[in-house]
Structures are given as structure tokens and as C-alpha cells.
Amino acid sequence: MRKSTKLALAFAALAGAVGTTAYAENNASAKMRDGMMARLDKAMTASDGAITFDQFSDAMNARLKKLVADNGGKLTVAQLADALEKARFERMARRIIARYDTKGDGTLTTDDITGREKKVFAMLDKNNDGKIEKSELPKGHRFGHLRQSDDDDSVQ
């Protein structure tokens, strides 16, 4: 391969990596901004459309300030990372429970899991022969993009 071709490929790979990272950061920033605006809107609605600095501060960083207070007035990187990880896993757990919980009681039972599995199996068994063949699987085996027609709940 020619040196100029190798350089062009290396540059394209680098540009792709940088672009992907920038997109991910922009997407995360947009989510953070949306969350901030939602909290601000909620605070303003609760206060007839106008808020003081203290109300603004509480709306923006109440959870972070509570973490600092709960850790003796100082928060280390490790403590913040632990809190963020716990919050992330709790959100994931809530989504899983909501997806499987057939009774709506906020708990997960083996019957809930089996019921969900039966529903997904039936959806994948397109010819209803009691077996799932490779040809019945979504292209690329991407189950996360498969949609159910009855309740539009994505399969994971």
C-alpha cells in the first residue's frame, strides 16, 4: 500500500474516532441540558413563574449538595463516581422491572420472566412452528431494535 494511502486511511480513522467522541459528548451535553431545563421549569412552575437564587440553586444541584453534605462537606472523585454508578444501575433496574413486571407491583418474579420470554419467543417464531430458526431472527441479530406490535415495548 502506498504511503499516501496509508496516511489517508489513518487520517480517516482518526477523524472518525474524534467525530464519534464529539457526537457522544454533544449528545451527553444535550441530555444534561435537557435535564437542567426540566428541573428549572419544574421549579418555576411550582413558584408561579419566578424563582430566587436559592430556589434556582436547589433545582440545579440539590442532589449534588446532598452528596457533599452526606460525605462531611467534601466529595472525592471516588465518592462521586460511586454515587453516579449507583444511580445509573438503579435507573437500569427500574427499566428492567418495568419491562418484566406483569402485575405492576414493582417486583420481579420467575413467572414475570418466563412470561416475557414466552412473549418474545412467540414474536420471534414467525412461522409458529415452536422453534426459532436463524432466518427468523432480526437482521444482524439486533434484538434491541425489534419492536412489538401490541405494546411497542422494545425487546432487550
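Trainee: Which residue forms a salt bridge with aspartate 70?

Mentor: This is a predicted model. In it, the closest N and O atoms of the pair are 2.7 Å apart. A salt bridge needs a side-chain nitrogen of Lys or Arg within 4 Å of a carboxyl oxygen of Asp or Glu. The partner is lysine 66.

Trainee: How are aspartate 70 and lysine 66 placed along helix H2?

Mentor: Both residues are exposed. They sit four residues apart in helix H2, so their separation is about one helical turn.

Trainee: Is glutamate 90, the salt-bridge partner of lysine 86, buried, partly exposed or exposed?

Mentor: The N to O distance in this bridge is 3.5 Å. Lysine 86 has a relative accessible area of 55%, so it is exposed. Glutamate 90 has 36% relative accessibility, so it counts as partly exposed.

Trainee: Which helix holds both glutamate 90 and lysine 86?

Mentor: The two side chains meet in a salt bridge. Glutamate 90 and lysine 86 are four residues apart, which means about one helical turn between them, in helix H3.

Trainee: Aspartate 112 and lysine 103 also meet in a salt bridge; is aspartate 112 buried or exposed?

Mentor: The bridge spans 3.4 Å, N to O. Lysine 103 is exposed, with a relative accessible area of 53%. Buried means under 20%. Aspartate 112 has a relative accessible area of 0%, so it is buried.

Trainee: How many salt bridges does the structure hold?

Mentor: One of them joins aspartate 70 and lysine 66. Another joins aspartate 112 and lysine 103. The total for the structure is three.

Trainee: What pattern does the protein follow along the sequence?

Mentor: The protein has four helices and zero strands. Read along the sequence, the pattern is α-α-α-α.

Trainee: Which elements give two or more residues to the lining of the largest pocket?

Mentor: The largest pocket has a volume of about 810 Å³. Its lining has 22 residues, with Arg39, Arg63, Leu84, Ala87 and Arg91 nearest its centre. The elements are helix H1 (3-46), helix H2 (53-70) and helix H3 (77-100).

Trainee: How many residues in that lining are charged?

Mentor: The lining of the largest pocket has 12 nonpolar residues and two polar ones. The charged residues number eight.

Trainee: What share of the residues in the protein is buried?

Mentor: The protein exposes about 12,300 Å², and carbon and sulfur atoms supply 59% of it. Of the 156 residues, the buried share is 11%.

Conventions:
Residues numbered from 1 in each chain as written. Predicted model: local features only at pLDDT ≥ 70, side-chain atom pairs only at ≥ 80, totals over all residues. Heavy atoms only, no water. 1 Å grid on protein atoms, 1.4 Å probe; cavity = no way out; pocket = protein on both sides within 12 Å on 5 of 7 lines; lining within 4 Å. Points joined across faces, edges and corners; volume = space filled by probe spheres on them. Nonpolar A, V, L, I, M, F, W, Y, C, P; charged D, E, K, R; others polar. Buried < 20%, exposed > 50% of the residue type's maximum accessible area, 1.4 Å probe, protein only. Areas by Shrake-Rupley, 256 points an atom, 1.4 Å probe, with all protein chains shown as cover.
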